[in-house]
Amino acid sequence: MAGGDRKKILFIDRDGVIVRERQVDTYESIEYIPHVFEALREITKRSDYLLVMVSNQDGVGTRAFTYEGFSGPAERIFTTLRGEGIVFDDINIDLSLPEENLPTRKPGTAMIDRYRSERYDMASSFMIGDRITDMLLARSMGCRGFLITDEELDIPEDLMDTIALKTFSWLDIASYLVEDESLSHRTASVERSTKETKISMSIDLDGTGEGTVSTGIGFFDHMLSQVVRHSRFDIEGKADGDLYIDEHHTAEDTALVLGEAVRKALGDKRGIERYGYEIVTMDDTVATAAIDFSSRPELVWDVEFTVPYIGEFPSELMKHFFRSFASASGCNLYLSATRGGNSHHTAEALFKAFARAMRKAVRRIPGDARVASTKGML
């Protein structure tokens, strides 16, 4: 068979790769790996790989893992994948226990030995898994592997050439397979050092809302934690400022660093929504945020606080924080809140609305690499 007619395969593990690594025996235990749908959609749409599942499900049929407990959630997983346009061409699941040492257990190849034929191009195929046994299987099949993990694993020296990529993210795999760097994580790191503050911050716009920003100002840190969680950006930051004077320089420079990090991570802004809008209610307050990453900084502020301080944080610095962010990120930002509400609630609702509006604005539109402007640039 001619080389161009031979089919390429992505052998894909399930637990730890498509869903979180655990015994999935209830619908509630199904938790999908971040970006798996987005990545597999792009791979399916923009490449000609066959999708073949290769999974061990230890001891299905035993009292500890009943067949009924396995089958319902398993079908739900495949139904959800199909609903996202992701269809597996073949499914291979071994139900044995490790102590049985059957040849169908990875790194044994018995489940997929039929793919060792001239119809398939193993040299151009890949195994996607989260364990060393998956990479050993890849080597035995004559293909290469993507190792999905953020752990430091003891990888045998003779297995290094088999691993095409070790990564914690499906986006990196999609970027590799379809040769499109724009699919990978949008990240940036910024440092700012002055006589008043020293700040470092790293950001991943395609994260899951993990991380902390520490400034030494309790209420301000609480607000920044809302940004992390509700934007779903991964952010790690540390600010050392001249708090013996007041909170002004630390709040301002933290906003400038956060804004610059977002601007750098967005790059040329190709393929993003650009606009984001959110309304957040919190007890006696309703806050509204609208944002446009237009490269034209502006803040429209329609907010009043009923007290001069929230904790140890001056209420007047709220406006200054958002103005500084807009300036550094190059966004147009509108913020409003109902008047007369509890100031803590007002501030928290504003930060949550701001974060959620940002998340919408930076979202990438699947399959669209254009700039959201008739000018052709932002």
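Modeller: Happy to. The count comes to 1 cavity of 30 Å³ or more, and keep in mind that this is a predicted model. The largest cavity has a volume of about 40 Å³. Its lining is made of Met201, Val213, Leu224, Val227, Val228, Ile235 and Leu258. Sorted by class, that lining has 7 nonpolar residues, with no polar and no charged ones. Helix H5 (residues 218-231) gives the largest share of the lining, 3 residues.

Now for the sheet. Here 4 strands form an open sheet with mixed pairing, in the order E7-E8-E10-E9. Strand E7 (187-193) and strand E9 (213-214) are the edge strands, and each of them pairs on one side only. Helix H6 (residues 248-266) packs on this sheet, where it touches E7, strand E8 (197-204) and E10. The direction of H6 makes about 30° with that of E8. As for E9, its pairing with strand E10 (residues 234-241) is in the parallel sense, over 2 bridges. Ser214 has Lys238 in E10 as its bridge partner.

Arg274 sits in the loop between H6 and strand E11 (275-282). Arg274 is not a glycine, yet its phi is positive, about 80°. Most residues other than glycine have a negative phi. Is Arg274 buried or exposed? With a relative accessibility of 7%, Arg274 counts as buried, because the cut-off for buried is under 20%.

Next, the open spaces. The largest pocket holds about 800 Å³ of space. A total of 36 residues line the largest pocket, and those nearest its centre are Glu38, Arg186, Asp206, Arg363 and Arg364. H1, H6 and helix H8 (343-362) are the elements that give two or more residues to this lining, so you meet H6 again here, the helix that packs on the sheet. H1 supplies the largest share, 4 residues. By class, the lining of the largest pocket divides into 10 nonpolar, 9 polar and 17 charged residues.

Helix H1 (residues 36-46) also has a buried side to its story: Val36, Phe37, Ala39, Leu40, Glu42 and Ile43 are buried in it. These buried residues pack against strand E1 (9-12), helix H2 (67-83) and helix H4 (170-178).

The second largest pocket has a volume of about 460 Å³. It is lined by 20 residues, and Arg20, Ile33, Ile148, Asp150 and Phe168 are the closest to its centre. Its lining has 6 nonpolar, 7 polar and 7 charged residues.

Lys106 and Pro107 are joined by a cis peptide bond, with omega at about 10°. Most peptide bonds are trans.

Conventions. Residues numbered from 1 in each chain as written. Predicted model: local features only at pLDDT ≥ 70, side-chain atom pairs only at ≥ 80, totals over all residues. Heavy atoms only, no water. Pairing = 2+ DSSP bridges. Contact = heavy atoms within 4.5 Å. Axes fitted to C-alpha atoms, helices over the stretch in contact; angles between N-to-C directions. Buried < 20%, exposed > 50% of the residue type's maximum accessible area, 1.4 Å probe, protein only. 1 Å grid on protein atoms, 1.4 Å probe; cavity = no way out; pocket = protein on both sides within 12 Å on 5 of 7 lines; lining within 4 Å. Points joined across faces, edges and corners; volume = space filled by probe spheres on them. Nonpolar A, V, L, I, M, F, W, Y, C, P; charged D, E, K, R; others polar.
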